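Hello,

Here is the structure I promised to pass on. Please open it first, then read my notes below.

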Amino acid sequence: MDQDFAAKLAAHLGFEEEKVNHLFEKKYLAWNWGEHEHLLRFDKEISHIERGTVLYEKDGAFEMVLGFPKIRRAMVLYPTLEKQFSGLKTVAVEEKMNGYNVRVARINGDILAVTRSGYICPYTTERAKVKLNLSFFDDFPELVLYGEMVGPDNPYVPKEIYNIESVEFYIFDIREKNTGNPLSTARRREILEKYGFFQVRSFGEIPLETAPEEIAKIVRELGKIEHEGVVIKDPEMVLPPVKYTSSRSNCSDLRHAFKFYNESGRDYMLSRIVREGFQAVEWEESEADFKKRCMQLGESILAPLRESVRSVKEGQRLYDEVRIRVKTLKTAADFEDYLKRLGVDAIFEPPLPAGDEYLIMVRKVNKSTNDKTQAIWEGELW
């Protein structure tokens, strides 16, 4: 790295120059790829800077798109809400949708979609330009949209449960560049309505005193339609939000995790099982309801695992089948290259015309689970 640049960057971040050099050496701070190689991304949380933060030069200085702030999880609603939101009269409750986190911002004149890790996804960027009212960025170049990419044409987390034909962006946050300061929930919703953006469903502001009981009812209803859960917020966005999910969401996550058991982290699996235990006690379930929860949980673990083992035993390869919808085949080619750079083994099927766009099926091969399962069938020990 050019040392003049390193010194300038260190001054901006408030770090010692030696620390900046160390971050580059460890690749905790790294350049993006290709046409976006001038953009820096934080691959690890450093001091006050979240992982996935993107930093770039602008007008002789630097500008940052901050990463996603961590949202802690409530394992039980009471007394967690009372403790975390002490001093508030009400809390804002919004749906937590099951999709792929993305930030959309104007960066040096171009509208770009930034992943949670700080990469510029070519597919998500094209979809953002197609789906969003871009005049927002003319009026508010200093603001960043934080949202969820949802729908069946989502190559990361495809879901059919939201009655979406292709893919849409549902915004749950608007924050300032450089500071990461959020707009209040009321101001954010006002702006989103003005520009016609989709936004996550709001259940309104609920008195803190009755919030645990009311939110439990909301989450039960969301679970019946296999939706994920809620995020509970300070309406002024001063106190950090917390999230709370349904049993159906936990089991859905586990079904995918155990299908590809050797790719999924043990902490990821264990945390979802532990949530079920806490929720079963919190909701004071009858023995009949508890047995139903046990059956649902057990099936979400064993059914996909059995199917994966059986498939490999019969000589089949395990893969996630997803699809994308693109305006140009260049976007598809760029996305294929992007996945290769991320180390994803993906097979792109020939494109099919879909109106003025193209629909492409993509098979993402999960090599680790394939290889491990095959090795076990050939006599390898666990």
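Arginine 272 is buried in this predicted model. Its relative accessible area is 10%, and the cut-off for buried is under 20%. The side chain of arginine 272 meets that of aspartate 253 in a salt bridge, at 2.9 Å from N to O.

How many salt bridges does the count come to? The count comes to 31. Two further pairs are worth a look.

Take lysine 8 and glutamate 57. Their closest N and O atoms are 3.1 Å apart, and they form a salt bridge. Lysine 8 belongs to helix H1 (residues 3-13) and glutamate 57 to strand E3 (residues 54-58), so this pair joins parts that are 49 residues apart in sequence. Is lysine 8 buried or partly exposed? Lysine 8 is partly exposed, with a relative accessible area of 33%. Glutamate 57 is also partly exposed, at 38%.

Now arginine 187 and glutamate 190. They form a salt bridge, with the closest N and O atoms 3.4 Å apart. Both lie in helix H6 (residues 185-194). They are three residues apart, about one turn of the helix. Arginine 187 is partly exposed, with a relative accessible area of 35%. Glutamate 190 is partly exposed as well, at 48%.

There is also a network of salt bridges. It links Glu94, Arg188, Arg189 and Lys233.

Next, the sheet that H6 packs on. This is an open sheet of five strands, in the order E8-E7-E9-E10-E11. Its pairing is mixed. Which strands stand at the edges? They are strand E8 (110-115) and strand E11 (198-199). Each has a single partner strand, so one side of each is left without a neighbour in the sheet. Strand E9 (residues 143-150) and strand E10 (residues 168-176) pair in the antiparallel sense, over eight bridges. Helix H6 touches E9, E10 and E11. The direction of H6 makes about 130 degrees with that of E10.

On to the nonpolar cores. In soluble globular proteins, nonpolar side chains tend to be buried together. The largest nonpolar core here has 37 residues. Leu9, Leu13, Leu55 and Ile107 touch the most other members. Helix H1 gives the largest share of this core, with five residues. What does leucine 13 touch, not counting residues up to four places away in sequence? Leucine 13 touches Phe42, His48, Ile49, Leu55 and Met64. Another core, of 36 residues, lies apart from the largest one. Among its residues are Tyr100, Ala113, Leu132 and Phe140.

Last, a helix pair. The axes of helix H4 (residues 122-131) and helix H11 (residues 329-341) come within 8 Å. They cross at roughly 145 degrees. On the H4 side, the contact is made by Pro122, Tyr123 and Glu126. On the H11 side, Thr331, Asp334, Phe335 and Tyr338 take part. The residues of this contact divide into four nonpolar, one polar and two charged.

Best wishes

Note on methods: Residues are numbered from 1 along each chain as its sequence is written. This is a predicted model: local features need pLDDT of at least 70, side-chain atom pairs count only at pLDDT 80 or more; totals for chains, interfaces and linings use all residues. Side-chain values use heavy atoms; hydrogens and water are left out. Axes are lines fitted to C-alpha atoms, for helices over the stretch in contact, and angles run from 0 to 180 degrees between N-to-C directions. Helices (H or I, at least four residues) and strands (E, at least two) are DSSP runs, numbered from the N terminus. Contact means heavy atoms within 4.5 Å. Ala, Val, Leu, Ile, Met, Phe, Trp, Tyr, Cys and Pro count as nonpolar, Asp, Glu, Lys and Arg as charged, and the others, Gly among them, as polar. A salt bridge is a side-chain nitrogen of Lys or Arg within 4 Å of a carboxyl oxygen of Asp or Glu. Buried means under 20% relative accessible area, exposed over 50%, partly exposed in between (1.4 Å probe, protein chains only). A nonpolar core is a set of buried Ala, Val, Leu, Ile, Met, Phe, Trp, Tyr and Cys residues joined through side-chain atoms within 4.5 Å. Two strands pair if DSSP finds at least two bridges between them.
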